[in-house]
Amino acid sequence: MYIYCVQINQALDETPFQEIIRYISPEKKVKIQRFRKPIDAMRSLLGDLIIRYILCKHYGFHNDEIQYGYLEFGKPYLVQHPNIHFNISHSGDWIVGVVSNDLVGIDIEKVTHMKENLSSMVLTDNENKKLQALNESERNLSFFELWTLKESYVKSTGSGLSEGLHTLEISMNNGIIRMKKNEQPIHAYFEILDSIEGYKFSLCSLSQSMDRKIKLFSYHEFKEEIIGFLETSSIRSSKF
Ligand SMILES: CC(C)(COP(=O)(O)OP(=O)(O)OC[C@H]1O[C@@H](n2cnc3c(N)ncnc32)[C@H](O)[C@@H]1OP(=O)(O)O)[C@@H](O)C(=O)NCCC(=O)NCCS
(Lines give C-alpha, C1' and ligand atoms only; values in the text may rest on other atoms or scores of the structure.)
Protein backbone atom coordinates (compact mmCIF):
# COMPACT_ATOMS: atom_id res chain seq x y z
CA MET A 1 0.00 0.00 0.00
CA TYR A 2 1.42 3.38 -1.01
CA ILE A 3 0.35 6.66 0.54
CA TYR A 4 1.59 9.89 -0.99
CA CYS A 5 0.89 13.29 0.52
CA VAL A 6 1.41 16.65 -1.16
CA GLN A 7 1.42 20.01 0.58
CA ILE A 8 0.32 22.99 -1.44
CA ASN A 9 0.78 26.63 -0.85
CA GLN A 10 -2.63 28.33 -0.84
CA ALA A 11 -1.17 31.21 -2.84
CA LEU A 12 -0.38 29.12 -5.92
CA ASP A 13 -0.48 31.03 -9.17
CA GLU A 14 -1.87 29.68 -12.44
CA THR A 15 1.46 28.85 -14.11
CA PRO A 16 2.39 25.60 -12.30
CA PHE A 17 -1.18 24.42 -12.76
CA GLN A 18 -0.82 24.50 -16.55
CA GLU A 19 2.43 22.52 -16.39
CA ILE A 20 0.81 19.46 -14.86
CA ILE A 21 -2.81 19.46 -16.05
CA ARG A 22 -1.71 17.94 -19.36
CA TYR A 23 -1.12 14.57 -17.65
CA ILE A 24 -4.77 13.90 -16.78
CA SER A 25 -7.66 12.75 -18.97
CA PRO A 26 -9.62 15.20 -21.15
CA GLU A 27 -12.83 14.45 -19.16
CA LYS A 28 -11.15 15.27 -15.84
CA LYS A 29 -9.65 18.43 -17.34
CA VAL A 30 -13.16 19.66 -18.13
CA LYS A 31 -14.29 18.85 -14.57
CA ILE A 32 -11.30 20.62 -13.06
CA GLN A 33 -11.71 23.72 -15.21
CA ARG A 34 -15.29 24.05 -13.91
CA PHE A 35 -14.16 24.70 -10.31
CA ARG A 36 -14.77 28.31 -9.33
CA LYS A 37 -11.88 28.47 -6.86
CA PRO A 38 -8.42 27.68 -8.27
CA ILE A 39 -7.45 26.06 -4.98
CA ASP A 40 -10.26 23.48 -5.32
CA ALA A 41 -9.21 22.78 -8.89
CA MET A 42 -5.63 22.31 -7.75
CA ARG A 43 -6.63 19.93 -4.94
CA SER A 44 -8.63 17.75 -7.32
CA LEU A 45 -5.92 17.83 -9.97
CA LEU A 46 -3.22 16.84 -7.50
CA GLY A 47 -5.33 13.99 -6.10
CA ASP A 48 -5.68 12.59 -9.61
CA LEU A 49 -1.94 13.00 -10.28
CA ILE A 50 -0.92 11.37 -6.98
CA ILE A 51 -2.85 8.24 -7.97
CA ARG A 52 -1.46 8.27 -11.52
CA TYR A 53 2.05 8.69 -10.18
CA ILE A 54 1.78 5.78 -7.70
CA LEU A 55 0.20 3.54 -10.35
CA CYS A 56 2.91 4.31 -12.91
CA LYS A 57 5.81 4.19 -10.47
CA HIS A 58 4.88 1.20 -8.32
CA TYR A 59 2.34 -0.79 -10.33
CA GLY A 60 3.90 -0.53 -13.79
CA PHE A 61 0.98 1.30 -15.41
CA HIS A 62 1.24 3.57 -18.41
CA ASN A 63 -0.47 6.87 -17.84
CA ASP A 64 -2.80 6.56 -20.82
CA GLU A 65 -4.18 3.22 -19.65
CA ILE A 66 -5.48 4.78 -16.43
CA GLN A 67 -9.20 5.29 -16.75
CA TYR A 68 -11.39 6.22 -13.82
CA GLY A 69 -14.98 5.09 -13.45
CA TYR A 70 -17.36 6.20 -10.68
CA LEU A 71 -19.52 4.06 -8.35
CA GLU A 72 -23.03 4.93 -7.18
CA PHE A 73 -21.97 7.48 -4.54
CA GLY A 74 -19.10 8.89 -6.54
CA LYS A 75 -16.18 6.70 -5.46
CA PRO A 76 -13.67 6.63 -8.30
CA TYR A 77 -12.19 3.27 -9.34
CA LEU A 78 -9.94 1.88 -12.05
CA VAL A 79 -12.08 0.69 -14.94
CA GLN A 80 -9.57 -1.83 -16.33
CA HIS A 81 -8.17 -2.90 -12.95
CA PRO A 82 -11.03 -3.19 -10.43
CA ASN A 83 -8.77 -5.24 -8.12
CA ILE A 84 -6.41 -2.37 -7.51
CA HIS A 85 -8.01 0.15 -5.17
CA PHE A 86 -7.33 3.77 -4.42
CA ASN A 87 -8.70 6.73 -2.55
CA ILE A 88 -8.05 10.45 -2.28
CA SER A 89 -8.64 13.11 0.35
CA HIS A 90 -7.89 16.82 0.63
CA SER A 91 -8.12 19.36 3.41
CA GLY A 92 -6.39 22.67 4.02
CA ASP A 93 -2.90 22.53 2.57
CA TRP A 94 -2.74 18.77 2.07
CA ILE A 95 -3.80 16.33 -0.62
CA VAL A 96 -3.33 12.63 0.15
CA GLY A 97 -3.78 9.55 -1.98
CA VAL A 98 -3.52 5.82 -1.31
CA VAL A 99 -3.27 2.83 -3.66
CA SER A 100 -3.74 -0.69 -2.33
CA ASN A 101 -4.52 -4.25 -3.37
CA ASP A 102 -7.48 -4.15 -0.95
CA LEU A 103 -10.48 -1.88 -0.57
CA VAL A 104 -9.23 1.24 1.12
CA GLY A 105 -10.40 4.64 2.31
CA ILE A 106 -8.40 7.63 3.45
CA ASP A 107 -9.43 10.87 5.09
CA ILE A 108 -7.57 13.96 6.20
CA GLU A 109 -9.05 16.95 8.01
CA LYS A 110 -7.39 20.07 9.31
CA VAL A 111 -8.04 20.29 13.06
CA THR A 112 -10.09 23.37 13.88
CA HIS A 113 -12.98 23.85 16.31
CA MET A 114 -15.64 21.20 16.71
CA LYS A 115 -18.87 22.80 15.53
CA GLU A 116 -21.90 21.77 17.58
CA ASN A 117 -24.16 21.33 14.55
CA LEU A 118 -21.57 19.05 12.94
CA SER A 119 -21.05 16.93 16.04
CA SER A 120 -24.62 15.56 15.93
CA MET A 121 -24.09 14.58 12.28
CA VAL A 122 -20.80 12.85 12.97
CA LEU A 123 -20.98 11.39 16.49
CA THR A 124 -23.23 8.93 18.28
CA ASP A 125 -24.83 10.07 21.57
CA ASN A 126 -22.26 7.98 23.45
CA GLU A 127 -19.34 9.55 21.64
CA ASN A 128 -20.81 13.00 22.14
CA LYS A 129 -21.11 12.42 25.89
CA LYS A 130 -17.49 11.26 26.13
CA LEU A 131 -16.29 14.31 24.22
CA GLN A 132 -18.24 16.72 26.42
CA ALA A 133 -16.15 15.52 29.39
CA LEU A 134 -12.91 16.66 27.70
CA ASN A 135 -11.33 20.09 27.69
CA GLU A 136 -11.72 22.11 24.50
CA SER A 137 -8.44 21.24 22.82
CA GLU A 138 -8.75 17.50 23.60
CA ARG A 139 -12.35 17.62 22.39
CA ASN A 140 -11.31 19.15 19.07
CA LEU A 141 -8.59 16.54 18.57
CA SER A 142 -10.93 13.66 19.44
CA PHE A 143 -13.69 14.99 17.24
CA PHE A 144 -11.48 15.24 14.16
CA GLU A 145 -9.98 11.83 14.94
CA LEU A 146 -13.42 10.19 15.07
CA TRP A 147 -14.55 12.11 12.00
CA THR A 148 -11.60 11.01 9.87
CA LEU A 149 -11.87 7.41 11.07
CA LYS A 150 -15.54 7.26 10.12
CA GLU A 151 -14.97 9.00 6.80
CA SER A 152 -12.11 6.63 6.00
CA TYR A 153 -14.55 3.75 6.48
CA VAL A 154 -17.39 5.18 4.37
CA LYS A 155 -14.82 6.05 1.72
CA SER A 156 -13.43 2.51 1.75
CA THR A 157 -16.87 1.04 1.05
CA GLY A 158 -17.82 3.91 -1.26
CA SER A 159 -21.09 4.58 0.56
CA GLY A 160 -19.93 8.07 1.52
CA LEU A 161 -22.09 10.27 3.72
CA SER A 162 -25.19 8.28 2.71
CA GLU A 163 -24.04 5.82 5.41
CA GLY A 164 -24.79 8.34 8.21
CA LEU A 165 -21.59 8.91 10.16
CA HIS A 166 -23.61 9.24 13.41
CA THR A 167 -24.72 5.60 13.03
CA LEU A 168 -21.14 4.35 13.29
CA GLU A 169 -19.56 4.02 16.72
CA ILE A 170 -15.82 3.91 17.31
CA SER A 171 -14.08 2.41 20.30
CA MET A 172 -10.36 2.35 21.03
CA ASN A 173 -8.67 -0.15 23.28
CA ASN A 174 -4.91 -0.52 23.69
CA GLY A 175 -4.37 1.15 20.35
CA ILE A 176 -6.87 -1.12 18.57
CA ILE A 177 -9.64 0.75 16.81
CA ARG A 178 -12.99 -0.94 16.33
CA MET A 179 -16.22 0.17 14.71
CA LYS A 180 -19.84 -0.88 15.26
CA LYS A 181 -23.06 -0.11 13.46
CA ASN A 182 -26.32 -0.85 15.27
CA GLU A 183 -24.33 -2.81 17.86
CA GLN A 184 -22.93 -5.07 15.14
CA PRO A 185 -19.14 -5.11 14.70
CA ILE A 186 -17.87 -3.95 11.34
CA HIS A 187 -14.99 -5.88 9.79
CA ALA A 188 -12.54 -3.17 8.93
CA TYR A 189 -9.05 -2.22 10.05
CA PHE A 190 -8.09 1.30 11.02
CA GLU A 191 -4.98 3.31 11.49
CA ILE A 192 -4.43 6.89 12.58
CA LEU A 193 -1.47 8.32 10.70
CA ASP A 194 0.39 10.88 12.80
CA SER A 195 2.49 12.14 9.96
CA ILE A 196 1.03 15.62 9.45
CA GLU A 197 0.97 18.18 12.23
CA GLY A 198 -2.26 20.10 12.76
CA TYR A 199 -4.28 17.50 10.85
CA LYS A 200 -6.05 14.27 11.65
CA PHE A 201 -5.41 11.63 9.07
CA SER A 202 -6.97 8.15 9.06
CA LEU A 203 -6.83 5.06 6.94
CA CYS A 204 -9.31 2.20 6.70
CA SER A 205 -8.69 -1.08 4.95
CA LEU A 206 -11.13 -3.92 4.62
CA SER A 207 -8.22 -6.35 4.85
CA GLN A 208 -5.92 -6.83 7.82
CA SER A 209 -2.61 -6.10 6.15
CA MET A 210 -1.80 -2.42 6.49
CA ASP A 211 1.77 -2.75 5.24
CA ARG A 212 2.40 0.68 3.84
CA LYS A 213 4.90 3.16 2.52
CA ILE A 214 4.13 6.79 3.16
CA LYS A 215 5.84 9.73 1.49
CA LEU A 216 5.41 13.47 2.00
CA PHE A 217 6.19 16.04 -0.72
CA SER A 218 6.02 19.77 -1.03
CA TYR A 219 4.08 20.86 -4.12
CA HIS A 220 7.29 21.82 -5.91
CA GLU A 221 8.99 18.51 -5.10
CA PHE A 222 5.96 16.62 -6.34
CA LYS A 223 5.72 18.68 -9.51
CA GLU A 224 9.37 17.95 -10.28
CA GLU A 225 8.86 14.24 -9.57
CA ILE A 226 5.83 14.10 -11.84
CA ILE A 227 7.32 16.02 -14.71
CA GLY A 228 10.74 14.37 -14.35
CA PHE A 229 9.13 10.95 -14.14
CA LEU A 230 6.69 11.43 -16.98
CA GLU A 231 9.37 12.94 -19.19
CA THR A 232 11.95 10.21 -18.65
CA SER A 233 9.92 7.02 -18.29
CA SER A 234 8.28 4.87 -20.91
CA ILE A 235 4.96 6.62 -20.39
CA ARG A 236 6.31 9.81 -21.93
CA SER A 237 4.38 9.09 -25.11
CA SER A 238 1.23 8.48 -23.14
CA LYS A 239 0.83 12.12 -22.16
CA PHE A 240 -2.74 13.20 -22.96
C1 LIG B 1 -16.90 10.93 -0.11
C2 LIG B 1 -17.18 12.00 0.89
C3 LIG B 1 -17.43 11.36 2.25
C4 LIG B 1 -15.89 12.86 0.93
O5 LIG B 1 -16.01 13.94 1.74
P6 LIG B 1 -14.90 15.09 1.97
O7 LIG B 1 -14.28 14.90 3.32
O8 LIG B 1 -15.59 16.36 1.71
O9 LIG B 1 -13.81 14.95 0.85
P10 LIG B 1 -12.37 14.31 0.79
O11 LIG B 1 -11.43 15.39 0.43
O12 LIG B 1 -12.00 13.48 1.98
O13 LIG B 1 -12.49 13.28 -0.43
C14 LIG B 1 -12.79 13.70 -1.69
C15 LIG B 1 -12.40 12.61 -2.66
O16 LIG B 1 -13.00 11.38 -2.31
C17 LIG B 1 -13.29 10.65 -3.48
N18 LIG B 1 -14.70 10.25 -3.40
C19 LIG B 1 -15.80 10.89 -3.85
N20 LIG B 1 -16.90 10.19 -3.52
C21 LIG B 1 -16.48 9.10 -2.84
C22 LIG B 1 -17.15 8.00 -2.25
N23 LIG B 1 -18.48 7.84 -2.26
N24 LIG B 1 -16.40 7.05 -1.61
C25 LIG B 1 -15.06 7.17 -1.57
N26 LIG B 1 -14.36 8.18 -2.12
C27 LIG B 1 -15.08 9.14 -2.75
C28 LIG B 1 -12.97 11.52 -4.68
O29 LIG B 1 -11.71 11.11 -5.19
C30 LIG B 1 -12.86 12.89 -4.06
O31 LIG B 1 -11.90 13.73 -4.63
P32 LIG B 1 -12.04 14.35 -6.11
O33 LIG B 1 -13.47 14.71 -6.29
O34 LIG B 1 -11.10 15.50 -6.10
O35 LIG B 1 -11.58 13.22 -7.00
C36 LIG B 1 -18.41 12.85 0.54
O37 LIG B 1 -18.07 13.77 -0.46
C38 LIG B 1 -19.56 11.99 0.01
O39 LIG B 1 -20.19 11.28 0.75
N40 LIG B 1 -19.82 12.03 -1.28
C41 LIG B 1 -20.78 11.16 -1.93
C42 LIG B 1 -22.10 11.85 -2.16
C43 LIG B 1 -23.12 11.34 -1.15
O44 LIG B 1 -23.16 10.22 -0.76
N45 LIG B 1 -23.98 12.24 -0.71
C46 LIG B 1 -24.96 11.86 0.24
C47 LIG B 1 -25.18 13.00 1.14
S48 LIG B 1 -26.24 12.48 2.43
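Select Gly97 first: this residue sits in strand β5, where strands (E, at least two residues) and helices (H or I, at least four) are DSSP runs numbered from the N terminus. Gly97 counts as buried, because 25 C-beta neighbours lie inside 10 Å. The cut-offs are 20 or more other C-beta atoms within 10 Å of a residue's own for buried, 12 or fewer for exposed, and partly exposed in between, with C-beta atoms placed from the backbone. The model is predicted, so local features need pLDDT of at least 70 and side-chain atom pairs count only at pLDDT 80 or more, while totals for chains, interfaces and linings use all residues. Residue numbers start from 1 along each chain as its sequence is written.

Keep Gly97 selected and show its contacts. Not counting residues up to four places away in sequence, Gly97 touches Tyr4, Gly47, Ile50, Ile51, Ile54, Phe86 and Ile88; a contact here means C-beta atoms, placed from the backbone, within 7 Å.

**The nonpolar core**

Move to Ile50. Leaving aside neighbours within four places in sequence, Ile50 is in contact with Tyr4, Val6, Ile88, Ile95 and Gly97. What is the largest nonpolar core, and which residues touch the most other members? The core has 54 residues, and Ile50 and Val98 touch the most other members. A nonpolar core is a set of buried Ala, Val, Leu, Ile, Met, Phe, Trp, Tyr and Cys residues joined through C-beta atoms within 7 Å. As background, nonpolar side chains tend to be buried together in soluble globular proteins.

**The two domains**

Colour the chain by domain. The division is into domain 1 (1-101 + 210-240) and domain 2 (103-208), with bounds that come from an automatic or database domain assignment. The C-alpha centres of domain 1 and domain 2 are 25 Å apart. How many residues does each domain bring to the contact? Domain 1 brings 18 residues and domain 2 brings 22 residues. On the side of domain 1 that touches domain 2, β4, β5 (94-100) and β12 (213-218) each supply at least two residues. By class, that side of domain 1 has 10 nonpolar, 7 polar and 1 charged residues. In this scheme Ala, Val, Leu, Ile, Met, Phe, Trp, Tyr, Cys and Pro are nonpolar, Asp, Glu, Lys and Arg are charged, and the others, Gly among them, are polar.

**Exposed stops**

Go to Ser171, in strand β7 (residues 168-173). Is Ser171 buried or exposed? Ser171 counts as exposed, because 12 C-beta neighbours lie inside 10 Å. Ser171 and Leu146 are 25 residues apart in sequence, and their C-alpha atoms are 9.4 Å apart in space.

Select Asn174 next, in the loop between β7 and β8 (176-181). Asn174 is not a glycine, yet its phi is positive, about 50 degrees. Asn174 is exposed, with 4 other C-beta atoms within 10 Å. Glu183 is in the loop between β8 and β9 (184-185). Phi of Glu183 is also positive, near 70 degrees, and Glu183 counts as exposed with 6 C-beta neighbours inside 10 Å. For reference, most residues other than glycine have a negative phi.

**The whole chain**

Zoom out. The chain has 7 helices and 12 strands. The C-alpha trace spans about 55 × 35 × 30 Å along its principal axes. Of the 240 residues, 35% count as buried.

How values were computed: Two residues are in contact if their C-beta atoms, placed from the backbone, lie within 7 Å.
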